[in-house]
Amino acid sequence: HLSYFAALHRLVVLLALHGWALNLYPREIFAKMLVQPLLRALNECLKFSVDENQVSHFQPSRQAVPVIVAVISWLHTIAEESNLASPTDFYSDGVSQISVGALFDD
């Protein structure tokens with residue numbers, strides 16, 4: 001079944017990346033070198049403007065948000081399992097400014 005092989009492939013890739021992250025990025029630099037740059041990119045991608053008609057205009061980079069969030073989620077899982085970062089290292093100003101209602105609209 002194709003979805004079984006896709007899931008297995010994803011698991012193998014994630015396990016390889018997990019080992020890579022643990023070997024290259026010890027606790028002292030994990031958040032600084034991996035998490036913080038992604039959070040800065042996420043905050044930039046979440047910026048928008050509202051015109052005089054109350055219409056929100058988003059940057060084209062907003063399309064990268066799901067990918068960035070997926071990688072941050074993966075890093076968060078690694079950090080929890082291996083004690084590489086604290087939960088506060090994953091705080092995002094950009095995400096905290098999104099209204100709860102907006103999260104359910106998209």
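Here are some questions and answers about this predicted model.

Q: What makes up the secondary structure of the chain?
A: Happy to start there: the chain has five helices and two strands. Read from the N terminus, the elements follow the order α-α-β-β-α-α-α.

Q: How do you know that the span of helix H2 is close to the expected one?
A: Helix H2 covers residues 27-45, which is 19 residues. The expected span is 1.5 Å times one less than the number of residues, and for H2 that comes to 27 Å. From first C-alpha to last, H2 reaches 27 Å, so the span is close to the expectation.

Q: Where does H2 have a kink, and what is the angle?
A: Look at Val35, where the kink is about 35°. That angle is taken between axes fitted to the seven residues ending at a position and the seven starting there. The proline Pro37 follows shortly after Val35.

Q: Which residues of H2 are called buried, and why?
A: They are Phe30, Ala31, Leu34, Val35, Leu39, Leu42 and Cys45. The word applies because each has a relative accessible area under 20%. Among the elements that cover these residues are helix H3 (65-82) and helix H4 (93-96). Across the 106 residues of the chain, 22% count as buried.

Q: What makes a group of residues the largest nonpolar core here, and which have the most contacts inside it?
A: A core joins buried nonpolar residues through side-chain atoms within 4.5 Å, and the largest such set has 19 residues. Phe30, Val35, Leu75 and Phe90 have the most contacts inside it. H2 and H3 each supply at least two residues of this core.

Q: Which residues are in contact with Phe30, leaving aside its neighbours within four places in sequence?
A: The partners are Tyr25, Val35, Leu75, Ile78, Ala79, Leu84, Ala85 and Phe90. Each counts as a contact because heavy atoms lie within 4.5 Å.

Q: Why is the pair Glu44 and Lys47 called a salt bridge?
A: The closest N and O atoms are 2.8 Å apart. The cut-off is 4 Å between a Lys or Arg side-chain nitrogen and an Asp or Glu carboxyl oxygen, so the pair qualifies. By this rule the count comes to one salt bridge.

Q: Why are Glu44 and Lys47 called partly exposed?
A: Partly exposed lies between the buried limit of 20% and the exposed limit of 50%. Glu44 has 44% relative accessibility, so Glu44 is partly exposed. Lys47, with a relative accessible area of 45%, is therefore partly exposed too.

How values were computed. Residues are numbered from 1 along each chain as its sequence is written. This is a predicted model: local features need pLDDT of at least 70, side-chain atom pairs count only at pLDDT 80 or more; totals for chains, interfaces and linings use all residues. Side-chain values use heavy atoms; hydrogens and water are left out. Helices (H or I, at least four residues) and strands (E, at least two) are DSSP runs, numbered from the N terminus. Buried means under 20% relative accessible area, exposed over 50%, partly exposed in between (1.4 Å probe, protein chains only).
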